[in-house]
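This briefing is for a reader new to the structure shown below. The notes after it are grouped by topic.

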Amino acid sequence: MKNLEMRQVYTETILALAEKDQKVVALEADLASSMGTSKLKEQLGKHYINVGIMEAEEMGAAAGLAVTGFTPFIHTFAPFATRRSFDQVFLSLGYAKNHAVIVGTDPGVTAEMNGGTHMPFEDVALMRVIPGNNIYEVSDPYQFKAILEYAHTAKGLFYIRTIRKQATSLYTGEEDFSKGYVKLKEGTAGTIFASGIMVEEALQAAVDLEEQGISVQVIDLFRIKPMNEEIVIEAAKMGPVVTAENHNVIGGLGSAVAEIVAENHPVKMKRIGVKEQFGQVGKMEYLKEVYGLKAVDISKAMSELNR
């Protein structure tokens with residue numbers, strides 16, 4: 001599992017779920033080759049629906065399936081799953097209280113060469129305002145599998161944000177993901193909350209900070225909504241907080257943490273993320289530098305808070 005690309009994890013997990021539950025339906029928006037879901041078409045037959053490049057229709061079809069008792073798993077690129085089809089997601093899935101699982105891939109800088117039109121820094125912000133929506137950003141194959149399985153058995157609307165290709169291996173498959181976070185490193189001088197591709201950067205930042213004599217804890221806060229308020233408040237009581245996300249600093253992980261901190265235990269805090277910029281063409285490492293999403297940006301922020 002740990003050597004699989006995230007798109008392979010998606011395909012294999014959906015197949016496994018469909019073998020046990022004939023109500024599982026996979027919906028695709030002309031991205032079978034990009035996501036590797038051609039295998040689903042071959043094995044699921046009529047339970048695999050490719051709507052073409054019509055993401056709003058994809059959400060509407062999913063709503064119809066959900067109303068009639070099916071469990072739709074909906075995939076498309078993150079900007080099209082959120083920004084382009086927001087009204088259908090909000091009304092046909094959210095407002096109607098339908099059970100559906102939306103998987104938005106290539107978020108933020110992971111869109112790379114697809115450029116600004118395909119590079120969402122706002123998808124989490126949009127999805128957070130839908131009442132009752134569950135939002136996850138996964139960073140590891142085992143974690144992705146576990147969240148997909150949970151979303152299948154739970155009720156309501158789910159939005160799962162993930163890269164398509166190889167992810168950093170962080171977990172063994174034995175972890176408990178039910179609390180919405182995993183503490184990856186202990187520390188006493190502050191906390192770095194991160195999600196998705198920024199977890200790896202946060203861990204490297206923690207190593208760099210240790211060399212400066214600053215010991216921080218690193219927490220993979222992968223469930224962005226509903227966020228685990230207890231761990232955020234606990235972290236705020238310990239010391240400074242830095243958040244790191246592959247997203248706009250407005251409306252995402254950093255905003256969610258800041259809201260909890262401000263209302264419960266105000267503390268010095270900095271948010272690492274994209275600030276007032278659109279996406280652009282480039283390789284991921286280059287884009288991380290352009291948008292200030294590197295370990296050095298995280299460690300600098302925490303170092304300043306510890307002065």
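**An exposed phenylalanine**

F278 is exposed, with a relative accessible area of 77%; exposed means over 50% relative accessible area, buried under 20%, and partly exposed in between, using a 1.4 Å probe and protein chains only. The model is predicted, so local features need pLDDT of at least 70 and side-chain atom pairs count only at pLDDT 80 or more, while totals for chains, interfaces and linings use all residues. Residues are numbered from 1 along each chain as its sequence is written, and side-chain values use heavy atoms, leaving out hydrogens and water.

**Surroundings of F278**

- F278 sits in the loop between β12 (269-274) and α12; helices (H or I, at least four residues) and strands (E, at least two) are DSSP runs numbered from the N terminus.
- Apart from neighbours within four places in sequence, F278 contacts F121 and Y291, where contact means heavy atoms within 4.5 Å.

**Aromatic rings**

- A pair of aromatic rings is described by the distance of the centres and the angle of the planes.
- Rings of Phe, Tyr and Trp (its six-membered ring) pair if their centres lie within 6.5 Å; planes under 30 degrees apart count as stacked, over 60 as edge-to-face and the rest as tilted.
- The count by this rule is nine aromatic pairs.
- Y10 and F144 form a stacked pair, 6.4 Å centre to centre with 10° between the planes.
- This pair links distant parts of the chain, 134 residues apart: Y10 is in helix α1 (residues 6-20) and F144 in helix α8 (residues 141-153).
- Y10 and F144 are both buried.
- F121 and Y291 form an edge-to-face pair, with 5.0 Å between centres and 65° between the planes.
- F121 lies in the loop between β4 (100-105) and α7 (123-128), and Y291 in helix α12 (residues 284-291), so that the pair joins distant parts of the chain, 170 residues apart.
- F121 and Y291 are buried.
- Y136, Y150, F158, Y171, F177 and F222 are linked into a cluster by ring pairs.
- K23 lies over the face of F70, 4.6 Å from the ring centre; the rule asks for NZ of Lys or CZ of Arg within 6 Å of the ring centre and within 35 degrees of the ring normal.

**Domains and packing**

- The chain is divided into domain 1 (6-162) and domain 2 (182-306), with bounds from an automatic or database domain assignment.
- The centres of domain 1 and domain 2, taken over C-alpha atoms, are 26 Å apart.
- The contact takes 28 residues from domain 1 and 32 residues from domain 2.
- Between them, domain 1 and domain 2 bury about 2300 Å², 57% of it on carbon and sulfur atoms; buried area is the accessible area (1.4 Å probe) lost when two parts are put together, summed over both.
- Helix α13 (residues 295-305) has buried residues including I298, M302 and L305.
- The buried residues of α13 pack against β8 (191-194), α9 (198-210), β11 (241-248) and β12.

**Backbone features**

- Most residues other than glycine have a negative phi, and most peptide bonds are trans.
- D106, in the loop between β4 and α7, has a positive phi near 60°.
- D106 is buried, with a relative accessible area of 5%.
- E112 has a positive phi of about 45° and is found in the loop between β4 and α7.
- The peptide bond from K225 to P226 is cis, with omega near -10°.
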